[in-house]
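Please keep the sequence and the structure in view while going through the numbered points.

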Amino acid sequence: MKIACLQHAPKVAEIEDNIDLIERILDKKDVDTLDLLVLPELALTGYNFKSRSEILRYVEPSNASLSVAWAKKAALKYDCIVIVGYPEQAVSTTKKDGSADLFNSAIIVDGDGEIVGNYRKNHLYYTDETWAEEGKGGFYSGHLPGIGQSALGICMDLNPYKFEAPWTAYEFASHAKDTEAQVVILTMAWNTMEPAETFLEQPDEPDMETLSYWLSRLQPLLGADARRETIVVFANRAGREGDATYAGTSAVVGIQGNDIRVYGMVGRGEERLLVVDTDLPAYAKLRFVAKEKVDSPGSSPANDEEAEVGEQES
């Protein structure tokens with residue numbers, strides 16, 4: 001399977017500039033066809049909106065949105081499934097004042113340019129809570145053409161609900177396991193709590209602490225079925241936006257038993273298209289080992305258990 005993650009540093013509310021940046025990154029890579037192309041959370045609009053009033057002029061109905069139009073164009077060009085995060089506006093069935101419901105969503109478009117799914121983020125982060133409603137009906141699960149049975153989440157979905165649910169609930173990972181997802185996709189705007197000046201000193205280096213944390217939140221998939229590989233796509237953004245510094249480190253990994261095959265990773269500060277072929281051998285292997293009582297990176301508080309990524313092998 002040929003999978004691409006586009007990691008970039010969009011600027012909040014600068015949609016035309018963000019689209020130009022995405023197109024330049026895509027044009028740098030000589031890619032004819034793909035099976036799957038994933039962009040980050042709120043890829044075209046930027047993420048760090050402070051209120052409902054601030055984001056209101058940029059929200060989009062799912063059936064007539066700039067993000068969907070772009071996704072359809074890319075899907076037809078690369079003949080693949082395209083997933084793009086966007087701020088969705090929907091007619092409210094509950095609000096009596098006539099105002100719309102707003103969601104942090106991801107649109108799924110197939111290689112024919114048809115919408116085949118629209119997922120609304122279930123677990124909101126603090127920034128989302130200022131403007132978005134919680135999605136209802138659980139995390140996304142469905143059979144995507146050319147991809148297979150898939151699970152889709154958006155960033156904070158990977159964490160315990162509101163940081164209040166038990167660490168071991170593993171809501172999203174349990175969903176992926178229970179639905180027997182062959183491909184698990186996370187479109188993200190995952191930040192780091194480290195100071196930007198030190199965190200971005202080596203922009204070409206992935207942040208292994210962030211990757212370790214992501215893998216720790218997939219605990220139910222680790223060791224679950226040694227007979228079958230589950231492909232996991234982490235499509236994160238990079239750069240700075242206001243006070244937030246994003247962790248980059250987009251990656252495509254395969255989980256089989258306790259082995260983690262790394263098919264590709266992007267540096268923490270890079271803006272580029274990662275393209276991997278999971279039918280080819282992985283370039284590195286990691287091994288999952290549990291450890292206790294550590295501080296988690298990025299957008300989560302301390303927890304009782306986290307992954308420690310073992311020695312990397314060539």
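Is Glu41 buried or exposed? The points below begin with that residue, after a word on the model.

1. Basis of the note. This is a predicted model, in which local features need pLDDT of at least 70 and side-chain atom pairs count only at pLDDT 80 or more, while totals for chains, interfaces and linings use all residues. Residues are numbered from 1 along each chain as its sequence is written, and side-chain values use heavy atoms, with hydrogens and water left out.

2. Glu41. With a relative accessible area of 1%, Glu41 is buried (buried means under 20% relative accessible area, exposed over 50%, and partly exposed in between, with a 1.4 Å probe and protein chains only). Glu41 is placed in the loop between β2 and α2 (helices are DSSP runs of H or I with at least four residues, strands are runs of E with at least two, and both are numbered from the N terminus). Its side chain makes a polar contact of 2.8 Å with the side chain of Lys121 (a polar contact is a pair of N or O atoms within 3.5 Å; within protein, one must be able to donate a hydrogen and the other to accept it, and residues adjacent in sequence count only if both atoms are side-chain atoms). Leaving aside neighbours within four places in sequence, the residues in contact with Glu41 include Tyr47, Asn104, Asp128 and Met188 (contact means heavy atoms within 4.5 Å).

3. Positive phi angles. Leu42 is not a glycine, yet its phi is positive, at about 45 degrees. Leu42 belongs to the loop between β2 (36-38) and α2 (52-55), and its relative accessible area of 0% makes it buried. Phe163, also not a glycine, has a positive phi of about 60 degrees. Phe163 lies in the loop between β8 (148-154) and α4 (171-178) and counts as buried at 18% relative accessibility.

4. Helix α3. Among the buried residues of α3 are Val68, Trp70, Ala74 and Tyr78. Seen down the helix axis, the buried residues fall within an arc of 160 degrees, so they line one face of α3 (the arc is that of the directions from the helix axis to the C-beta atoms). The face turned away from the buried side carries the exposed residues Lys73 and Leu76.

5. Surroundings and ends of α3. Which elements do the buried residues of α3 pack against? They pack against α1 (15-28), β2, β3 (60-61), β4 (81-90), β5 (101-109) and β6 (115-120). The N-terminal end of α3 is capped by Ser65, whose side-chain oxygen lies 3.3 Å from the backbone nitrogen of Ser67. Just after α3, Asp79 has a positive phi of about 50 degrees.

6. Helix α6. Seven of the nine residues of α6 (residues 208-216) are buried, so this helix is largely enclosed by the rest of the structure. Its buried residues include Leu211, Tyr213 and Trp214.

7. Cysteines. How many disulfides does the structure hold? The structure holds zero disulfides (a disulfide is a pair of cysteine sulfur atoms within 2.5 Å). Cys5 is in no disulfide, and the nearest cysteine sulfur, that of Cys80, is 12 Å away, too far for a bond. Cys5 is buried at 0% relative accessibility, and Cys80 is buried at 3%.
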